[in-house]
Amino acid sequence: MILVTGASGALGRLVIEHLAARPAGAPDVVAGTRNPERVPPGVPVRRIDFDDPASLAGGFDGVDTLLLVSAGYGEDDAVIARHGAVIDAAEKAGVGHIVYTSLSAAGDHLPYALAHRWTERRLRSGTAGWTILRNGLYAELLATLTPVVDGAITAPLGDGRLAAVAREDLAEAAALVAADVAAHAGRTCELVGEEAVGGADLARARSAVTGTAVAYEPGTLAQAREAFTALGLAPFQVPMLVGTYSAIAGGFLSGTGGELRDLLGRAPRSALEIAASQPG
């Protein structure tokens, strides 16, 4: 049995779809989520709430493979506590293998990297087999970070570029690994994009998609921080978002390559096309 956490989230839902589409006779797949009502009908579901120890006790019984989708919403100590509790419960239940969706190595420059690296270390020192999928940042996130306002993208990316990845590709890769953990045991896979996308690239692509000229006029990090603060975001979210801009602008997230193509058995989707086609 394969259990996928975060199954009502954007990545987890896609993973469930890929696993559910396998041929008859494949291991059962179970959705784990704190919001069971959000899981599509027909998919077995267990209530798994990282912040509720009662939901973890017995939640992993009978599970052979756990696909642990990272719970990045929170301060580092909160995320570490969540991941630690899940891994503890899974090991206690006798789960044989844990696949974890982590953050790309280049992401060490991001404010939210620490909890990912802690979780990787915890898995390597644990009793279950493990595979670590170091995901690059989503092309969909890049689209969100670069809205068009009054005909211009003003996100403070400077001349930096991001080797973004389609969420769908990462979900497919995760499903493939979870379905055949023996072939990927002990691996740390770097899953970044094959094209690095910058602000000027996005402006040109959005101009082509919309038929309306879009300029790239990068603002400053201070302006971005002020705008995010005005939105009333949680205090930890503002430095996370501003830090993401800073890492891209500094050129730390532009490295392409990795193992995504090998896992998928095909070329990844175009991150530029996906980001340019998103609303914004």
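Strands are counted as paired if DSSP finds at least two bridges between them. Helices (H or I, at least four residues) and strands (E, at least two) are DSSP runs, numbered from the N terminus.

The model is a predicted one, in which local features need pLDDT of at least 70 and side-chain atom pairs count only at pLDDT 80 or more, whereas totals for chains, interfaces and linings use all residues. Residues are numbered from 1 along each chain as its sequence is written, and side-chain values use heavy atoms, with hydrogens and water left out.

Stepping back, an open sheet of seven strands comes into view, with the order 3-2-1-4-5-6-10 and parallel pairing. Its edge strands, each pairing on one side only, are strand 3 (45–47) and strand 10 (188–191). On average, neighbouring strands of this sheet are turned by 20° against each other, direction ignored. Towards strand 3, three bridges join it in parallel to strand 2 (residues 29–33), and Ala31 has Val45 as its bridge partner.

Helix 4 packs on this sheet, touching strand 4, strand 5, strand 6 and strand 10, and its direction makes about 160° with that of strand 5. Contact is taken as heavy atoms within 4.5 Å; axes are lines fitted to C-alpha atoms, for helices over the stretch in contact, and angles run from 0 to 180 degrees between N-to-C directions. Helix 6 (residues 167–178) lies across strand 1, strand 4, strand 5, strand 6 and strand 10, at about 170° to strand 6.

The 12 residues of helix 4 (residues 113–124) should span 16 Å at 1.5 Å a residue, which agrees with the 17 Å between its end C-alpha atoms; the expected span is 1.5 Å times one less than the number of residues. Among the buried residues of helix 4 are Ala113, His116, Arg117 and Glu120. The cover over its buried residues includes strand 4, helix 3, strand 5 and strand 6 (129–135). Just after helix 7, Gly211 takes a positive phi of about 75°.

The structure also holds 17 salt bridges, each a side-chain nitrogen of Lys or Arg within 4 Å of a carboxyl oxygen of Asp or Glu. One of them joins Arg124 and Glu120 (3.7 Å, N to O). These two residues are four apart in helix 4, and are therefore separated by about one helical turn. Arg124 is partly exposed, with a relative accessible area of 40%, whereas Glu120 counts as buried at 1%. Both belong to a network of salt bridges that links Asp108, Arg117, Glu120, Arg124, Arg134 and Glu190.

Another salt bridge is made by the side chains of Asp169 and Arg266 (2.8 Å, N to O). Asp169 lies in helix 6 and Arg266 in the loop between helix 10 (260–264) and helix 11 (271–277), so the pair ties together parts that are 97 residues apart in sequence. Asp169 is buried, at 0% relative accessible area, while Arg266 is partly exposed at 26%.

Elsewhere, an open sheet of three strands has the order 7-8-12 and mixed pairing. Strand 7 (148–149) and strand 12 (215–216) form its edges, each pairing on one side only. Strand 8 (residues 152–153) pairs with strand 12 in the parallel sense over two bridges, and Ile153 stands opposite Tyr216 in strand 12.

Definitions and conventions
Buried < 20%, exposed > 50% of the residue type's maximum accessible area, 1.4 Å probe, protein only.
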